[in-house]
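Please read this briefing with the sequence and the 3D structure open beside it. It goes through the arrangement of the chains, then a sheet, and then some single elements.

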Protein chains: 2
Amino acid sequence: MTGPASGLYSPFVKSFTKISDSAVRRLSHYLRFLDDVEAAGRRTVSSEELAARGGITSAQVRKDLSHFGSFGKRGTGYPVTLLRERIEEILGLGRTWRVALVGAGKLGAAVFHYGGFRRQGFDLVAVLDTDPAKIGRRWGDLAIEDVADLTRIVKKRHVELAVVTTPAASAQDVVDALAGAGVEAILNFAPRKLVVPPQVTLRDVNLVMELESLTFALTHRDR
Amino acid sequence: MTGPASGLYSPFVKSFTKISDSAVRRLSHYLRFLDDVEAAGRRTVSSEELAARGGITSAQVRKDLSHFGSFGKRGTGYPVTLLRERIEEILGLGRTWRVALVGAGKLGAAVFHYGGFRRQGFDLVAVLDTDPAKIGRRWGDLAIEDVADLTRIVKKRHVELAVVTTPAASAQDVVDALAGAGVEAILNFAPRKLVVPPQVTLRDVNLVMELESLTFALTHRDR
């Protein structure tokens, strides 16, 4: 338990420290679905509906949600708003996260303009690059700043999470600097396997690897 | 076994149809590493080196690679070029894949300009959008075309794989059209869970879900 919003968390949250990556992903899927049905004015959903959306079994849904309290009763469905709030709490979304974006190229621009980003409580507080032609240019209400100032900027603005969209060659140096400045969560788009110290959580999004999983599937389909 | 390059495949490849997603990802990681050491002029690598790069154990590496033939001998290391070629073959990279990009916004542009894409044998043969202001505009040697012509374009150019970078609201319609036109592998960046028929392999890259797995980790770290 950490961070300014700790007071919001119920004691049960502690038991979730060991849940698997795939369980966290299922929670994210449930959350997307709950957002949609809540926007549509619905007050309850069934485990079958949640399952259909996530491509999983309703038994798995009931098992996942059984950890969240006793409100999911068979036959009556889950209360949408309460379940949405509970999942947001588990995922750490009951607060705003301060994010730095490192790499102001085309991919950085795509991330910057991605709407879902801000809507979910991610507050972009810095955009950094090494290119003198880009430094000083405005993106929205931020000016692009020099990666050389990364440590100072991260500390001063209390950056908690970073998105790395640099070329592969510079990604490890950037991640070392981020970790050194105290950032403990990094989403990396650079196509290189990066090494981080144990206190840092790193997630990689690698377009080529996703494409390779598709060509593997295409190559080995049963025909 | 399918596709024009079937003749390149050894019989052993058949046994890989059931390997897990995570094993396919490890193969992708080994391949990145092998590319690097080959470029550096090295002729052999050890399982320990391959393991360090992928953040896994050397025992797992030896187990993965034991399926590939008898050339990985303890003490002598793996022959870099042969292993690289073998993994490329397994992943279906021994040939060129014809790709369509649907959605010519900022994210589409980032995908389009992503260097690794072409280098790995992915040949972008069409870029499509719905916006009349974008249709006809040139991206490299392609002109952006109307999504209304998707079926005709996919069939005429033998598109095998599609990358979807449309807004969430239109992604399901696009994916339905792609599947209807015969595309069997789709990489989806739109932040919506999509439904595809059983013959289609879908991979999702969802920025918000990746960020949520990070906020989950930040929220539940042991401090």
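What follows is a set of short notes, grouped by topic, on a predicted model.

**How the two copies are related**

- Chain A is superposed on chain B by a rotation of 180° with 0.0 Å of shift along its axis, and the RMSD of this superposition is 0.0 Å. The two copies are thus related as by a two-fold rotation axis.
- Of the interface residues of chain A, 100% are also interface residues in chain B, so the copies meet through the same surface.

**Where the chains touch**

- In the contact between the chains, 54 residues of chain A meet 54 residues of chain B.
- On the side of chain A that touches chain B, several elements each supply at least two residues, including helix H1 (21-39), helix H2 (47-54), helix H5 (106-113) and helix H6 (115-119) of chain A.
- The element that gives the most to this side of chain A is H9(A), with 13 residues.
- By residue type, the side of chain A that touches chain B divides into 25 nonpolar, 15 polar and 14 charged residues.

- In chain B, 6 strands form an open sheet with parallel pairing, and their order is E7-E4-E3-E8-E9-E10. Strand E7 (145-146) and strand E10 (201-204) of chain B are the edge strands, since each of them pairs on one side only.
- Within this sheet, strand E3 (residues 97-102) and strand E8 (residues 161-164) of chain B pair in the parallel sense over 4 bridges, and B:Leu101 has B:Val163 in E8(B) as its bridge partner.
- Helix H9 (residues 207-219) of chain A packs on this sheet of chain B, where it touches E3, strand E4 (122-129), E8, strand E9 (185-188) and E10, and its direction makes about 160° with that of E9(B).

**Strand E8 of chain A and its neighbours**

- Strand E8 (residues 161-164) of chain A is covered on both faces: A:Leu161 and A:Val163 are buried on one side, and A:Ala162 and A:Val164 are buried on the other.
- Strand E3 (residues 97-102) of chain A pairs with E8(A) in the parallel sense over 4 bridges, and in this pairing A:Leu161 of E8(A) is the bridge partner of A:Val99.
- E8(A) also pairs with strand E9 (residues 185-188) of chain A, in the parallel sense over 3 bridges, and here A:Val164 stands opposite A:Asn188 in E9(A). Between E8(A) and E9(A) the chain passes through helix H8 (residues 168-180) of chain A, and this β-α-β crossover is right-handed.

- How many of the 11 residues of helix H4 (residues 80-90) of chain B are buried? The number is 8 of the 11, so H4(B) is largely enclosed by the rest of the structure.
- Among the buried residues of H4(B) are B:Val80, B:Leu83, B:Ile87 and B:Ile90, and also the charged residues B:Arg84, B:Arg86, B:Glu88 and B:Glu89.
- The buried residues of H4(B) pack against helix H1 (21-39), strand E1 (44-45) and strand E2 (78-79) of chain B, while B:Gly92, which follows H4(B), has a positive phi, near 80°.
- In chain A, A:Thr81 has its place in helix H4 (residues 80-90). A:Thr81 counts as exposed because 12 other C-beta atoms lie within 10 Å, and the cut-off for an exposed residue is 12 or fewer.
- The C-alpha atoms of A:Thr81 and A:Val37 are separated by 9.6 Å, although these residues are 44 residues apart along the chain.

Conventions. Residues numbered from 1 in each chain as written. Chains lettered and ligands numbered in written order. Predicted model: local features only at pLDDT ≥ 70, side-chain atom pairs only at ≥ 80, totals over all residues. Buried ≥ 20, exposed ≤ 12 C-beta atoms within 10 Å, placed from the backbone. Pairing = 2+ DSSP bridges. Right-handed = clockwise from strand over helix to strand, strands pointing away. Least-squares fit on C-alpha atoms with pLDDT ≥ 70 in both. Contact = placed C-beta atoms within 7 Å. Axes fitted to C-alpha atoms, helices over the stretch in contact; angles between N-to-C directions.
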